[in-house]
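Student: Hi! Could we go through the pockets of this one together?
Tutor: Happy to, let's take a look.

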Amino acid sequence: MLATLGGLLALLLGLLLLLLPLLASELSRARDSVWGAVVLLLGLVLVTSAERLTGAPMLAVLCGGLLIGRLGVEVGQARWRLLTDEERQRLWSLERWQTSLSQLGASLARLLQLAGGMASGLGTWLAERRATRPASTKKWVRPEAEAVAASGAEPAVVTETAGEEPVVVSDFEAIDALLEQAVPEAPPEPVTPQPEEGLGEAG
């Protein structure tokens, strides 16, 4: 639970650092976006691995979060002291924040427009690739045994002789009957009596 809360706070802080050049350009620096991405990665790891962080690892994560928070507060205070009185008053004005939010909305709209243009271009390219691809002329014939097994029906055998209509057989008994009709039974072999032992000997 504690790791999840810390991860959510880290995600919020990283997002604020990424948006700091648009919201408060006076407090932002050149590499704030990089550090914002690092904090976002930390929050993502904490949220996804919250179940594994128990005991001593959770204590280490808590101490690291406290150190990061303390250093962040000191950096923010140092940047605030470097501002002039006019810049500080401008940061507290309502018009300044309205302008910043409008710029942020315009940037997000531009980003969405670019993403939509890229998605439409990718869709057009895929459609052209599918249109230029030659159609396959191969015919895949499924074996009769697999088709019967898939349908769950009994196998059907079609027999055809010269000059006759094909006969459809739906069970194995009919197949045996057709085989018996096609192949005549062989006559039984004559049984030759074997001479019994002791008949030809004289008593």
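Student: Which residues lie nearest the centre of the largest pocket?
Tutor: Leu13, Leu17, Leu20, Gly72 and Val75 do, out of 23 lining residues. Here a pocket is an open set of points on a 1 Å grid over the protein atoms alone, where a 1.4 Å probe fits, with protein on both sides within 12 Å along at least five of seven lines; lining residues have an atom within 4 Å of a point. Keep in mind that this is a predicted model: local features need pLDDT of at least 70, side-chain atom pairs count only at pLDDT 80 or more, and totals for chains, interfaces and linings use all residues. Residues are numbered from 1 along each chain as its sequence is written, and side-chain values use heavy atoms, without hydrogens and water.

Student: What volume does the largest pocket have?
Tutor: About 790 Å³, taken as the space filled by probe spheres set on the points, which are joined across faces, edges and corners.

Student: And which helix gives the most to that lining?
Tutor: α3, with eight residues. At least two residues each come from α1 (2-23), α2 (32-48), α3 (56-81) and α4 (85-92); helices are DSSP runs of H or I, at least four residues, numbered from the N terminus.

Student: How about the second largest pocket, what is its volume?
Tutor: About 440 Å³. Of its 19 lining residues, Gly6, Leu46, Val61, Gly65 and Leu66 are the closest to the centre.

Student: Which helix gives the most there?
Tutor: α3 again, with nine residues.
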